[in-house]
Amino acid sequence: MKFSITLDRGYKEDLGDNKFEIHKLNLYYGSNQVLKDIDLNIAEHKVTALIGPSGCGKSTLLRTLNRMNDLIPGVRIEGSVLLDGEDIYQPEVDVVALRKRVGMVFQRPNPFPKSIFENIAYGPRHHGVRDTAELAEIVEWSLRKAALWDEVKDNLRKSALQLSGGQQQRLCIARALAVKPDVLLMDEPCSALDPISTARVEDLIYDLKEDYTIVVVTHNMQQAARISEYTAFLLNGSLIEYDETNRLFTNPSRKETEDYITGRFG
Amino acid sequence: MARKSYCEQLTKLKEDVLKMGTMVEEAICLAVKSLKERDDELAQQVIDGDDLIDDFTVKIEDCCITLLALQQPMARDLRVITTAIKIITDLERMADLAVDIAKVTLQISGQPLIKPLIDIPRMMEIAQKMTRISLDAYVKEDPEMVQCLIDYDHEVDALYDQVFRELSLLMVDDPHTIKQAAQLLLVARFLERIADHATNVGESTYYMVKGERTELNL
């Protein structure tokens with residue numbers, strides 16, 4: 001399936017394969033409509049950033065990609081979200097398996113109150129890996145991928161809560177990677193981190209996109225500009241503009257986007 | 001409107017670029033006047049005044065760098081600032097060319113002109129008009145205004161060719177004229193360059209407003 005976005009400047013570009021295809025997505029919390037008619041394709045092995053003011057629906061949109069919104073009472077979803085061509089909202093879809101393929105990293109690092117090793121081993125063990133050597137291998141692989149191995153390799157039995165905030169966030173990324181997902185969803189992964197930790201996570205995102213499709217929600221527009229290939233701007237639940245990041249930040253097509261990214265908003 | 005102080009600084013930046021443009025326009029005008037009227041004092045005034053323009057260039061550039069560093073501008077704001085940096089570079093070069101013309105006035109001081117100056121002042125008028133149009137377009141943020149610069153630039157180029165031919169013939173006829181003719185030829189060349197810089201300012205303005213490129217120096 002080819003990734004193409006209908007750009008506001010009036011032509012289509014083929015940009016590789018689609019990981020997600022979102023069609024006419026509407027989402028309601030009770031009577032409150034939070035997402036309105038979202039049509040969006042997300043390219044495989046690229047970083048896509050979702051930006052927009054608080055309450056615009058970007059985190060909700062992110063959460064539709066691994067059905068995290070299902071957990072919220074009173075939520076109603078219309079439209080379709082295709083992952084590799086298959087609708088993840090079909091009743092027969094195994095949500096646990098879906099979330100294994102589509103991992104998530106949250107705003108605040110949320111390690112389990114367990115050792116570093118156990119944090120990473122938790123997912124694979126849950127999915128049936130019992131062999132200690134295999135688990136150890138997965139732990140090392142994940143920590144290396146998350147650029148944390150060298151810092152913690154001698155202290156794997158230490159409590160994860162003793163790590164710094166930046167290390168905890170990379171631990172959470174390692175934990176997400178441990179179950180070998182295809183996609184990583186990140187909901188403001190750096191908002192609780194200092195600039196140095198932020199830079200490390202950004203470097204990590206850059207390295208990870210070779211193997212993963214990454215979707216990041218961020219309030220930090222410079223971050224979106226730095227790390228993503230494509231950026232979607234949402235406002236009041238609608239997708240206002242979706243374009244190459246470079247284009248969106250230098251010459252957006254829509255006035256709403258311009259007002260938002262230049263800080264003229266409100 | 002949000003970001004009040006930032007918006008004020010952007011407005012101030014544009015005003016400063018315009019102010020610098022006015023100074024440069026005047027320098028060009030006075031330089032050619034000094035040549036036409038054989039006014040050494042006026043020529044010296046242009047040469048001395050260049051320091052002010054240079055200082056102003058640095059001041060505006062510093063302001064742009066500060067805005068980039070502190071405000072992380074995006075979209076049109078980003079283009080306004082990068083365009084300002086480009087435009088002041090062109091304007092600064094134009095002022096230097098005005099100084100070069102003024103220096104010719106001093107170099108041929110006291111010598112009778114080998115021919116009456118007709119085409120050179122005409123080139124100056126057009127180059128000056130082009131400078132004004134490009135700056136007006138910049139201030140009014142009107143990308144359509146700059147389109148006429150193409151034709152004006154052709155006119156200046158044609159006049160330059162004419163001056164070149166005329167002075168070449170003079171030099172062939174009478175080798176005594178060579179020294180001054182070469183100087184006057186340089187003046188024509190300087191004016192042709194000034195016109196090119198004016199088209200650059202026009203192109204930068206077009207990019208600033210539309211976010212797309214245009215070619216005016218055809």
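Student: How far is the sulfur of C56(A) from the closest cysteine sulfur, and which residue holds that one?

Tutor: The closest cysteine sulfur belongs to C190(A) and is 18 Å away, too far for a bond. This is a predicted model, where local features need pLDDT of at least 70 and side-chain atom pairs count only at pLDDT 80 or more, while totals for chains, interfaces and linings use all residues. Residues are numbered from 1 along each chain as its sequence is written, chains are lettered from A and ligands numbered from 1 in the order in which they are written, and side-chain values use heavy atoms, with hydrogens and water left out.

Student: How many disulfides turn up over all chains?

Tutor: Zero, in a search of the whole structure; a disulfide here is a pair of cysteine sulfur atoms within 2.5 Å. In chain B, C148(B) is in no disulfide, and the nearest cysteine sulfur, in C29(B), is 19 Å away.

Student: Is C56(A) buried or exposed?

Tutor: C56(A) counts as buried, at 1% relative accessibility. Buried means under 20% relative accessible area, exposed over 50%, and partly exposed in between (1.4 Å probe, protein chains only). C148(B) is partly exposed at 30%.

Student: Switching topic, how many salt bridges are there over all chains?

Tutor: The search finds 31. Each has a side-chain nitrogen of Lys or Arg within 4 Å of a carboxyl oxygen of Asp or Glu. One of them joins K19(A) and D182(A), with the closest N and O atoms 3.4 Å apart.

Student: Where do K19(A) and D182(A) lie?

Tutor: K19(A) is in strand β2 (residues 12–29) of chain A and D182(A) in the loop between α6 (165–177) and β8 (183–187), so the pair ties together parts 163 residues apart in sequence. Helices (H or I, at least four residues) and strands (E, at least two) are DSSP runs, numbered from the N terminus. K19(A) is buried at 4% relative accessibility, and D182(A) is partly exposed at 28%.

Student: Which residues are linked with K19(A) and D182(A) in a network of salt bridges?

Tutor: E44(A), D84(A) and R101(A). In the R101(A) and D84(A) salt bridge, N and O are 2.7 Å apart.

Student: And what is the salt bridge count between chain B and chain A?

Tutor: One, formed by the side chains of R264(A) and D77(B) at 2.7 Å, N to O. The contact (heavy atoms within 4.5 Å) takes 16 residues from chain B and 14 residues from chain A.
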